[in-house]
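This report goes through one protein model, part by part. Please keep the sequence and the 3D view open while reading.

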Amino acid sequence: MSTYDVAVIGSGPGGYVAAIRCAQLGMKTAIIEKYPTLGGTCLNVGCIPSKALLDSSHHYEHAIKHFADHGIEIPGEVKMNLEKMIARKQSVVDQTCDGVNYLMSKNNIDVYQGVGAFKDATHIIVTKDDQTTTTVEAKHTIIATGSKPSTLPFITIDKQRVITSTEALKLKEVPKHLVIIGGGVIGLELGQVYRRLGAEVSVVEFMDRIIPGMDKALSRELQKVLKKQGVKFYTSHKVTGVATTADGVTVTADDKKGNPVEFAGDYCLVSVGRRPYTDGLNAEAAGVQLTDRGQIAVNDHLQTSAANIYAIGDVVKGAMLAHKAEEEGVFVAETLAGQKPHIDYNLIPGVVYTWPEVAAVGKTEEELKEAGVAYKSGQFPFRALGRSRASADLDGFVKILADEKTDEVLGVHMIGARCADLIAEAVTAMEFRASAEDISRMSHAHPTFTEAIKEAALAATENRALHV
């Protein structure tokens, strides 16, 4: 039996980063992964492959719609090869997963392939695909088993016509009509991929707006832009059923007035969120308690009800984000090493990788109003930037919310080109408790998209944006 200081169950961004940090801090570390490749959902069937398809489809759309505006003429018809596009996506996944293998080897982390199940609080039985087992002894364990796509009780995922994001990443044809249940991040990103490739796309959302967890202004702007791109939206619609035939699917729903409606397509993407994944973990044998929502219960130190076992990422409370899991992995590793790390969950950014991209950090206007916080708001449109005109990325804006009295930045919300990268400036500023004036007095290179942040800060400080 091999003995370790730390065993990590799950090799997604939270798990493998936790393992690396533990090894860096001098702990003998093992990582256990049920699938044959490392990287978890994010690298294999989530963040990385979806971004690869978003980029490929973006190039295709630009070629057929916008190259001529730039003086680029392509003789003949521009053709799309879905099989090659999917193959490129897979090569990106393979390279990224191979990178994690390299990092495990570099840091002398032992990798066990198989399902990890607790025998007790210090012993984990790893069952391989051939049903042979290995027992690992660990002084501490970090649970990082992630999440799986959720569904609705009356929907059967057949993985043929009724699919999850996993199947949507490897379709063999472009749908004629893709019906998406759920207007959240995953559904919108994959919806845009297939809309660009020629599919009719209908988004059916129970709430009264898409991306309901983000600032309302972002929801309105993103829906407006995606509608211009041809995506159809049906908000305030309650799905009541999904029926399949050999070559199609029918989604039934009640509209906002309670009237029944039908959506006929050839594929239905069920994108109603994700659930914590603890199947096969045998958590109770280790004294690890779960919440009524199926999450692993943890305290402020991410410690479970078993003192030597910790849990991170999608399997615990909080946003289901890869970078949140990474921060928690580092947090636990450094806690085990006797350090005093911290995480400010308010400053973990959220991103939607559609184009335009959507990104936010801190409080929304709705949250500030509900909390009774007096605030001021400054907003600046991307179309007023020279850089935006140069690249023809005119949609969107940056909005900064600041405390009315102290001017401290409380939230930054943006939609536009490269916002997934721009949001890091806002996170940095807020980590140092910057005021809107602080940001407004920083020199921003010209011409850049980041100038919109400076201008929004000027608008929030004294309502004196320069270029509008």
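This is a predicted model: local features need pLDDT of at least 70, side-chain atom pairs count only at pLDDT 80 or more; totals for chains, interfaces and linings use all residues.

Which residue in S2 does Val 6 stand opposite? The answer is Thr 29.

## Strand S1 and its partners

Strand S1 covers residues 2-9 and pairs with strand S6, residues 133-143. This pairing is parallel and has seven bridges. Within it, Thr 3 has Glu 137 of S6 as its bridge partner. S1 also pairs in the parallel sense with strand S2, residues 29-33, here over four bridges.

Val 8 is a residue of strand S1. Is Val 8 buried or exposed? Val 8 counts as buried because its relative accessibility is 0%, and the cut-off for buried is under 20%. Setting aside neighbours within four places in sequence, Val 8 is in contact with Gly 15, Ala 19, Thr 29, Ala 30, Ile 31, Ile 32, Ile 142 and Ala 144. Between the C-alpha atoms of Val 8 and Glu 334 there are 14 Å, although these two residues are 326 residues apart along the chain.

## The nonpolar cores

The largest nonpolar core has 52 residues. Those that touch the most other members are Tyr 16, Met 104, Phe 118, Ile 142, Ile 143, Val 288 and Ile 296. Helix H1, residues 13-24, gives the most to this core, with seven residues.

What does Ile 142 touch, if residues up to four places away in sequence are not counted? The list is Val 6, Ala 7, Val 8, Ile 9, Ala 18, Cys 22, Tyr 310, Ile 312, Val 332 and Leu 336.

## A five-stranded sheet

Five strands make an open sheet in the order S8-S15-S9-S10-S11, and their pairing is parallel. At the edges are strand S8 (162-163) and strand S11 (232-234), each of which pairs on one side only. Strand S10, residues 200-204, is joined to S11 by three bridges. Val 203 stands opposite Phe 233 in S11.

Helix H6, residues 185-196, lies across several of these strands: S9 (177-181), S10, S11 and S15 (267-270). The helix runs at about 165° to S10.

## Two hairpins around S13

Strand S12 (residues 238-244) pairs with S13 in the antiparallel sense over six bridges, and a hairpin of four residues joins the two strands. Gly 241 stands opposite Thr 252 in S13. S13 also pairs in the antiparallel sense with strand S14 (residues 260-265), again over six bridges. In S14, Val 261 is the bridge partner of Ala 253. The hairpin formed by S13 and S14 has five residues between the strands, and Gly 258 in the turn has a positive phi of about 90°.

Which residues make up the covered face of strand S13, residues 249-254? They are Val 249, Val 251 and Ala 253, while Thr 250, Thr 252 and Asp 254 form the uncovered face.

## A buried residue in a loop

Thr 364 sits in the loop between strand S19 (357-362) and helix H9 (365-371). Why does Thr 364 count as buried? Its relative accessibility is 8%, and buried means under 20%. Not counting residues up to four places away in sequence, Thr 364 touches Gly 213, Met 214, Asp 215, Leu 401 and His 413.

## Cavities and a pocket

Rolling a probe the size of a water molecule over the atoms shows where empty space is left. How many cavities of 30 Å³ or more does a search of the whole structure find? The search finds two. The largest cavity has a volume of about 50 Å³. Its lining consists of Pro 149, Ser 165, Ile 186, Val 270, Ser 271, Val 272, Gly 273 and Arg 274.

The second largest pocket holds about 410 Å³ of space. Of the 20 residues that line this pocket, His 66, Trp 355, Ala 392, Asp 393 and Asp 395 lie nearest its centre. Helix H3 (47-65), H6 and helix H7 (216-228) are the elements that give two or more residues to the lining. H3 gives the most, with four residues.

Conventions:
Residues are numbered from 1 along each chain as its sequence is written. Side-chain values use heavy atoms; hydrogens and water are left out. A nonpolar core is a set of buried Ala, Val, Leu, Ile, Met, Phe, Trp, Tyr and Cys residues joined through side-chain atoms within 4.5 Å. Buried means under 20% relative accessible area, exposed over 50%, partly exposed in between (1.4 Å probe, protein chains only). Contact means heavy atoms within 4.5 Å. Two strands pair if DSSP finds at least two bridges between them. Axes are lines fitted to C-alpha atoms, for helices over the stretch in contact, and angles run from 0 to 180 degrees between N-to-C directions. On a 1 Å grid over the protein atoms alone, a cavity is a set of points where a 1.4 Å probe fits but cannot get out, and a pocket is an open set with protein on both sides within 12 Å along at least five of seven lines; lining residues have an atom within 4 Å of a point. Grid points are joined across faces, edges and corners, and a volume is the space filled by probe spheres set on the points.
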